[in-house]
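Here are a few friendly notes to read alongside the model. Take them one at a time and find each spot on the structure as you go.

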Amino acid sequence: MPLKGKKIVLCVTGSIAAYKAVYLLRGLMKAGAEVQVLMTEAAKEFVTPLTFSTLSGKPVLSDFFARSSGSWNSHVDLGRWADLFLVAPATASTIGKMANGLCDNLVTTSYISAKCTAMVAPAMDLDMFEHPAMQENLRKLKSFGNIIIEPASGELASGLIGKGRMEEPESILKTIEQFFSKI
Ligand SMILES: Cc1cc2nc3c(=O)[nH]c(=O)nc-3n(C[C@H](O)[C@H](O)[C@H](O)COP(=O)(O)O)c2cc1C
């Protein structure tokens, strides 16, 4: 169990690659990690929270607070709880918010509160990935000490071929295991 006792916040954002986060979560759980899943509203259009909550054994968090009960999710506690803050898949929009300190949802607010290393696995179409704004945002994230898991090249959901598809879950898992074996 190479990740036994490691606490990981897994943020899922609104990319077609959200289904790959299900396999990633399974891999993290099998490796012994404790995982808290956060989802953006857009992510829920791709995979249901029920899938992630069932596999992680914890309710998925998306909202700052529950209107009905007034209970709230502390982004500060989440950010301090985690040994690793992982965003996979990371959309262009979420990367843009992270790079520029925008905090309009639980994912980006928890990111900016996190004291641990953040890993970001971009997933998008090749032209989005190549755009200077995206490349600048990724440079910024690297300069903050975040680890970018470079997307792979190949066939994209759009049918185009190029760089932008999220790295495969097994490969992301290896990167995470290597990261923890070094610290
Ligand atoms: C079918 C479909 C697939 C999408 N795939 C991606 C994607 O892979 N990467 C991306 O950056 N945006 C993608 N988008 C657009 C995002 O869902 C949109 O920008 C959204 O606002 C992202 O919000 P979030 O970052 O808060 O999850 C896709 C949209 C649709 C309708």
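1. Which helices and strands cover the buried residues of α5? Keep in mind that this is a predicted model. The cover includes the strands β1 (7–12), β2 (34–39), β3 (84–90) and β4 (117–122). Helices α3 (75–81) and α4 (92–100) are also among the elements that cover them.

2. Now look at α5 itself, residues 106–113. Its buried residues are Leu106, Val107, Thr108, Thr109, Ser110 and Tyr111. Because six of the eight residues in this helix are buried, α5 is largely enclosed by the rest of the structure.

3. Next, a pair of helices. Two packed helices are described by the angle between their axes and the distance between the axes. For α1 (residues 18–30) and α2 (residues 49–56), the angle is about 10° and the axes are 10 Å apart. Angles under 35 degrees count as roughly parallel, and α1 and α2 are therefore roughly parallel to each other.

4. Which residues meet where α1 packs against α2? From α1 come Val22, Leu25, Arg26 and Met29, and from α2 come Thr51, Phe52, Leu55 and Ser56. By type, the residues of this contact are five nonpolar, two polar and one charged.

5. Finally, turn to the ligand. There are 15 residues around it, and those that come nearest are Gly14, Ser15, Thr40, Ala42 and Thr91. Helix α4 gives the largest share of this shell, three residues. The shell has eight nonpolar and seven polar residues, with no charged ones.

Terms used: Residues are numbered from 1 along each chain as its sequence is written. This is a predicted model: local features need pLDDT of at least 70, side-chain atom pairs count only at pLDDT 80 or more; totals for chains, interfaces and linings use all residues. A residue is buried if 20 or more other C-beta atoms lie within 10 Å of its own, exposed if 12 or fewer, and partly exposed in between; C-beta atoms are placed from the backbone. Helices (H or I, at least four residues) and strands (E, at least two) are DSSP runs, numbered from the N terminus. Two residues are in contact if their C-beta atoms, placed from the backbone, lie within 7 Å. Axes are lines fitted to C-alpha atoms, for helices over the stretch in contact, and angles run from 0 to 180 degrees between N-to-C directions. Angles under 35 degrees count as roughly parallel, over 145 as roughly antiparallel, 65 to 115 as roughly perpendicular and the rest as oblique. Ala, Val, Leu, Ile, Met, Phe, Trp, Tyr, Cys and Pro count as nonpolar, Asp, Glu, Lys and Arg as charged, and the others, Gly among them, as polar. A residue is near a molecule or strand if its C-beta atom, placed from the backbone, lies within 6 Å of it.
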